[in-house]
Each structure stands twice: as structure tokens, then as C-alpha cells.
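Hi everyone, thanks for coming. Please have a look at the sequence and the structure on the screen, and then I'll walk you through a few features.

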Amino acid sequence: MSLLYKDILTIAENRFTDEQCLTPRLDAELLLCHMLDRDKSFLFIHYGDYLDEDLCERYFKLVDLRASGMPLQYITGKQEFMGLNFTVNENVLIPRQDTETLVETAIKEIETIKSGGKALSGLGGISILDLCTGSGAIAVSMAVHARDKKVKVTATDVSSKALAVAKENAMKNGVGGDIKFFEGDLFSPFKTKKNGEGKKPFDMILSNPPYIASGVLPTLMREVREHEPLLALDGGKDGIDFYIRILREAPAHLKKGGLLLLEIGFDQGAVVSALAEAAGAYAPATVIQDVAGLDRVVRLERI
Ligand SMILES: C[S@@+](CC[C@H](N)C(=O)[O-])C[C@H]1O[C@@H](n2cnc3c(N)ncnc32)[C@H](O)[C@@H]1O
């Protein structure tokens, strides 16, 4: 049976409301836009028109998926981040707006370095490592938005499936040849000298590691806990396992005066700052807030 656009959208909206989706109307519209490969203005123009029966059937299959808790982004296969288009699937965390704070902070730091406000060795091209790259959101955004600052970007992840998505995103955004990708556990892909120092230390290390406490995972929204990769979320018993390791291992791979910028959960600023102090390799931490005013990034300078 064919249905009016406005009616089919209302049916989907009501279904999503029943399933406690946070943005039922928006999801109904975006799903229809995705299926028709049209933008929202097309829907408004055709609001009073009929949608063919076969298209209605296809739409209701997508509605079933969304109502079952699958995130919209895994159905459409895309997410916007830092003004760029990223491909996403169930092997990668969906990039969050929160993480734009980390990228924006890094870009500002590079501008300061390039304008001579801060001394770093090897200013020929600033070398940046994105540790735990997932979809490549941070690495690709840095390669695109700081291209004119001559950055050299490296990205790593322990998941080969995530790296495949990150490489696709680099290609898609025109920086496929500008990022080096490595697979492995944190810093393990990088060679060290006999004294344990990294052979090619970076100017800047950025990371949004898994930071949810294991016990909190079952309380997350269904679409996160049932669909996003556990590997991208689970930060161990207290959510700080990765910070402990990164803070301990990063100094060997970071130049003196180099920066380590870590995304954190809104309530982790104090604990991550304390862990950094205990590591004894960094100047006192600065905690940076996101657009909502929540603690989001810990900035550390290697001493
Ligand atoms: C929170 S996600 C961040 C993804 C992406 N950087 C972002 O900001 O959207 C964390 C990522 O860490 C990766 N990961 C988990 N354990 C790891 C490990 N031991 N070494 C390297 N990467 C790891 C996961 O595969 C996942 O892609």
C-alpha cells in the first residue's frame, strides 16, 4: 500500500517514540532522506504526495532496524565530524561531537607552535600520533584541517576492522596518502632504542581511548551498549586503565616539550591529572572544557 510522505513519517516517528529514541521525528526524516538519497527539502516539497508501495516496504524495514535500537549512523553508514563526512559501521565508535574539542584544541596548539609561541624540536613538519583511531575521526580531521601547517599524521588501533574504516575515511576525505596507519596494542607498533626511548618520537600525541568503567557499560543506552564495539568503550574496572598505560608509555614516544592531549569523561579530569602528576614526566595538567562546559580534554606537556 502506498502512503503519503507525511503519514509514513508520522508512523515512523510514533514507532521511534514508543521505543524511546531521543529524536524520533528527526530520525524518521533522516532515514527517509537516506533511503531516497535526497535532502530534507525534498521531503517538505513532497509532504502531501504518495510514496510508492515498494519504497514504503523498504522504508519500514529500515524503521524496524532503528526501532530495534540500531543507531541511525550504522543504518545510514555515515556520520559528520569536524565538517567532514565519515563512513561508520559496527566496527567503529560513532564519532561524537565531544571529540571535536580534542581536535580543535590540537589545531589551536599547532597554530601556537607555528606562530613561534612555543619551542618544539623538529618544526619542519609537526608529527602527530592519533592513538586508538577507530574511524579515523581525529587523524583524518587533523590531516585535513591542519594540512597547511604541514602536519605528519600517524594513526594506530588494535582493531584491523577499525583500521580498514579509518583508511577508507582518509581516502574519502582526500588524505589517503597523508596518514600512516599501524595495527597494534597502543605504542607497540613503534620501535624503541635499547634504553626504551622511541626511535621516532612525536611532537603531539592525541587520544580518545576507551574510558567507560566496565560496571557502567550495562547502564548505557541500548543503542550504545548493544551496537557500538565494546573494545571502543571498556576502560576497565574504574574506566582509567588506558590512561594509566598511556601516561606511563607516552613519554618514550613524545619529544621533550611535546604535547599529550587526552579526551576524558566529564568526571575524570581530577583523576587523570593526578595520574599524570604521579607519572612524573609532565608539567602540571590543564583540563579543557567542551562546548557544554564539561571537562573533556587533559592537556599535558612532556618535560
Ligand atoms: C573511544 S574509541 C575512539 C575512536 C576514535 N578515535 C574517536 O574518537 O571516535 C577507542 C578506540 O580504541 C581502540 N582500542 C581499544 N583497545 C586498544 C589498544 N589496546 N590499543 C590500541 N587501540 C585500542 C578501539 O578499537 C577503538 O577504536
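Predicted model: local features only at pLDDT ≥ 70, side-chain atom pairs only at ≥ 80, totals over all residues.

Residues are numbered from 1 along each chain as its sequence is written, and side-chain values use heavy atoms, leaving out hydrogens and water.

Let's start with the helices, which are DSSP runs of H or I with at least four residues, while strands are runs of E with at least two, numbered from the N terminus. Two packed helices are described by the angle between their axes and the distance between the axes. Here an axis is a line fitted to C-alpha atoms over the stretch in contact, and angles run from 0 to 180 degrees between N-to-C directions.

Take α1 (residues 5-18) and α4 (residues 53-67): their axes come within 10 Å and cross at roughly 15°. These two helices are therefore roughly parallel (angles under 35 degrees; over 145 is roughly antiparallel, 65 to 115 roughly perpendicular, and the rest oblique).

Now bring in α2. The axes of α1 and α2 come within 8 Å, crossing at roughly 130°, which makes α1 oblique to α2. With α4, α2 packs at about 130°, the axes being 10 Å apart.

On to the pocket: an open set of points on a 1 Å grid over the protein atoms alone, where a 1.4 Å probe fits, with protein on both sides within 12 Å along at least five of seven lines. Lining residues have an atom within 4 Å of a point; of the 50 here, Q73, Q79, I94, P95 and R96 are the closest to the centre.

Which helix gives the most to this lining? It's α2, with five residues. And because domain 1 (3-68) and domain 2 (78-301) both contribute residues to the lining, the pocket lies between them. Those domain bounds come from an automatic or database assignment.
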